[in-house]
Amino acid sequence: MLDNIPYLSYILSAFIGIGLAAATGFRVFLPMFIVSLSSYLNWIPMNEQFEWLAGLPTLITTGIATVAEILAYYIPFIDHLLDTASIPLATVAGSLLFASQFADLGTFPQWALALIAGGGTAATISTGFAGIRAASTATTGGLGNSVVGTTETAGAGLMSVLAIAAPVIAVIAVTILLILIISYGKKALRKLRRNKNSS
């Protein structure tokens, strides 16, 4: 029955790509490590253009980077420095993982979609959590940042697994998350403007 749905493979690829891109908005390297491990163990297929993702060097590199990134977010000041770099890095990683699902689409549409859908999703989520971390630093003196960091790591892992195992659920979760981040961001901007006007 599902085979009769037009472009089903492209739709599922888009759902997987968006889920993986969203995961990079939480943590840059953990989703890449999960994809590399899954493809290295042949749990998910990897096309020729992105075979390097399934290679042992990539698996080891992303594994080391994942551990370093997770631990660094528990170090005061370092977590702030990482936030400034995480948005562009998440955009690149999100675009890359999204593109890895569309290698047979053609180079231009593949990367155009990757930058818009994958990079845009990753950048929005990364920006939202950078704002949450800044608010946590301002209100708790940085003491609450470890809670935010743990939440981000858990979100990256959960979203990566959902994107691979249940892409439809992953897209629903991403949609809800984006709505929450955008609405929270608008409220935060309005509050900031009111505070500036009052001062």
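Which residues does Ser 95 touch, not counting residues up to four places away in sequence? They are Trp 111, Ala 114, Leu 115, Gly 118 and Gly 119, where contact means heavy atoms within 4.5 Å. The structure is a predicted model, in which local features need pLDDT of at least 70 and side-chain atom pairs count only at pLDDT 80 or more, while totals for chains, interfaces and linings use all residues. Residues are numbered from 1 along each chain as its sequence is written, and side-chain values use heavy atoms, with hydrogens and water left out.

**Overall architecture**

- The protein chain contains 7 helices and 0 strands; helices (H or I, at least four residues) and strands (E, at least two) are DSSP runs, numbered from the N terminus.
- Read from the N terminus on, the elements follow the order α-α-α-α-α-α-α.
- The radius of gyration of the protein chain is 18 Å, close to the 16 Å that the globule rule gives for 199 residues, so the chain is as compact as a globular protein of that length. The radius is taken over C-alpha atoms, and the globule rule is 2.2 Å times the number of residues to the power 0.38.
- Along its principal axes, the C-alpha trace spans about 60 × 35 × 30 Å.
- Of the contacts in the protein chain with a separation of 6 or more, 68% are between residues 24 or more positions apart.

**Surface and charge**

- Buried residues make up 44% of the 199 residues in the protein chain. Buried means under 20% relative accessible area, exposed means over 50%, and partly exposed lies in between (1.4 Å probe, protein chains only).
- The accessible surface of the protein chain comes to about 10800 Å², and 73% of it belongs to carbon and sulfur atoms. Such areas come from the Shrake-Rupley method with a 1.4 Å probe; for residues, only the protein chains shown count as cover.
- The chain carries 9 positive and 8 negative charges, whose mean positions are 28 Å apart. Lys and Arg count as positive and Asp and Glu as negative, whereas His and the chain ends are not counted; the place of a charge is taken as NZ of Lys, CZ of Arg, CG of Asp or CD of Glu.

**The salt bridge**

- How many salt bridges does a search of the whole structure find? The search finds 1, a salt bridge being a side-chain nitrogen of Lys or Arg within 4 Å of a carboxyl oxygen of Asp or Glu.
- Glu 152 and Arg 27 form a salt bridge, with the closest N and O atoms 3.0 Å apart.
- Glu 152 lies in helix H6 (residues 145–165) and Arg 27 in the loop between helix H1 (8–26) and helix H2 (29–40), so the pair ties together parts that are 125 residues apart in sequence.
- Both Glu 152 and Arg 27 are buried.

**Residues within helices**

- Ser 95 has its place in helix H4 (residues 78–99) and is buried, with a relative accessible area of 3%.
- Thr 62 lies in helix H3 and is buried, with a relative accessible area of 6%.
- Apart from residues up to four places away in sequence, Thr 62 touches Phe 29, Met 32, Phe 33 and Ser 36. The C-alpha atoms of Thr 62 and Ser 36 are separated by 8.0 Å, although these residues are 26 residues apart along the chain.
- Thr 151 is placed in helix H6 and counts as partly exposed, at 42% relative accessibility.
- From C-alpha to C-alpha, Thr 151 and Phe 129 are 9.8 Å apart in space, and they are 22 residues apart in sequence.

**Residues in the loop between H2 and H3**

- Is Asn 42 buried or exposed? Asn 42 is exposed, with a relative accessible area of 68%, and lies in the loop between H2 and helix H3 (56–72).
- Asn 42 has a positive phi of about 65°, although it is not a glycine. Most residues other than glycine have a negative phi.
- Met 46 also lies in the loop between H2 and H3, but counts as buried at 17% relative accessibility.
- Beyond its neighbours within four places in sequence, Met 46 is in contact with Val 35, Ser 39, Glu 51 and Leu 53.
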